[in-house]
Amino acid sequence: MVTEPAFELLEDHAAFGGRQLRIAHSSATLACRMTCSVFLPPGADAGAPVPVLYWLSGLTCTDENFTHKAGAQRLAAELGLALVAPDTSPRGLDTPGADERWDLGTGASFYVTATAAPWAPHWNMHDYVIRELPALLEPAFGLDATRRAVSGHSMGGHGALVLSLRNPGHFASTSAFAPIASPMHCPWGERAFSAYLGSDRTTWRAWDACALMEDGADFGPHPVRVDQGEADGFLVEQLQPERLEAAATARGLALDLHRQAGYDHSYYFVASFIEPHLRQHAEALATAG
């Protein structure tokens, strides 16, 4: 099934009439070996390009958290939607400080292109997700480059929003679960941005969804769904969805924020609301291209 010699097929499982794969490849952008999980719906090998959702996971996660915990494959198979879940950062490198904290370095890329030492040679996940990964996966698996969506959770929700805002037209549809709404204004983001981007806060605006909206970026024609659990322990200090809502309202952008009573930050929350996200993406992708 894998036609691109750059890939090593690590796992291949039948799932809901499709295939759940895990692959590895050597990344030129990150200068390390990367893993990625790919779900192909039934009929993906029939020749017609398949719409694809790129999923970005959160702090401490790998490419397997979404695959194992979100319960997305059954509906993705029904909708004819491929799912791509990359790892959350470079791994296995000797970058100083990469493994000293759970919220910085390994598993904590924040999906930026790092400019500060010692991170700049490797912590370039924005470029990896936007350019290198699609260029490798889409021709290999018959994924439709004109029908891409993006979503994610927590740090990955931040990544989904920012990558969509920074790259107009790259994704036809965007959503997020419990995103870090404004990394410039929370401890996780301030620590990561100081390390990866340096001390000049004006450069941080290019990686903050609220600042990007304030500076004129938008998501395109389709509403952006965001789900946020009201019992999330990170809600007040780290996530701050009210900032996202205010920035979108000020610009007149279609942000569809759902505050879910009783739900926390876990993948139980993601699994509980993955269906409306996938259905909204599938509907948007049906008219894209």
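Modeller: Strand 3, residues 32-40, is mostly covered, with 8 of its 9 residues buried. This is a predicted model, where local features need pLDDT of at least 70, side-chain atom pairs count only at pLDDT 80 or more, and totals for chains, interfaces and linings use all residues. Residues are numbered from 1 along each chain as its sequence is written, and side-chain values use heavy atoms, leaving out hydrogens and water.

Biologist: What makes strand 2 and strand 3 antiparallel partners?

Modeller: Two strands pair if DSSP finds at least two bridges between them; strands are DSSP runs of E of at least two residues, and helices are runs of H or I of at least four, numbered from the N terminus. Strand 2 (residues 18-27) and strand 3 are joined by 9 bridges and run antiparallel. The bridge partner of I23 in strand 3 is C36.

Biologist: Why is the contact of R33 with E8 called a salt bridge?

Modeller: The term requires a side-chain nitrogen of Lys or Arg within 4 Å of a carboxyl oxygen of Asp or Glu. For R33 and E8 the N to O distance is 2.9 Å, so the pair qualifies. R33 is in strand 3 and E8 in strand 1 (residues 7-15), 25 residues apart.

Biologist: Why is D103 called buried, and R191 partly exposed?

Modeller: Buried means under 20% relative accessible area, exposed over 50%, and partly exposed in between (1.4 Å probe, protein chains only). D103 has 2%, so D103 is buried; R191, at 30%, counts as partly exposed. Their side chains meet in a salt bridge at 2.6 Å, N to O.
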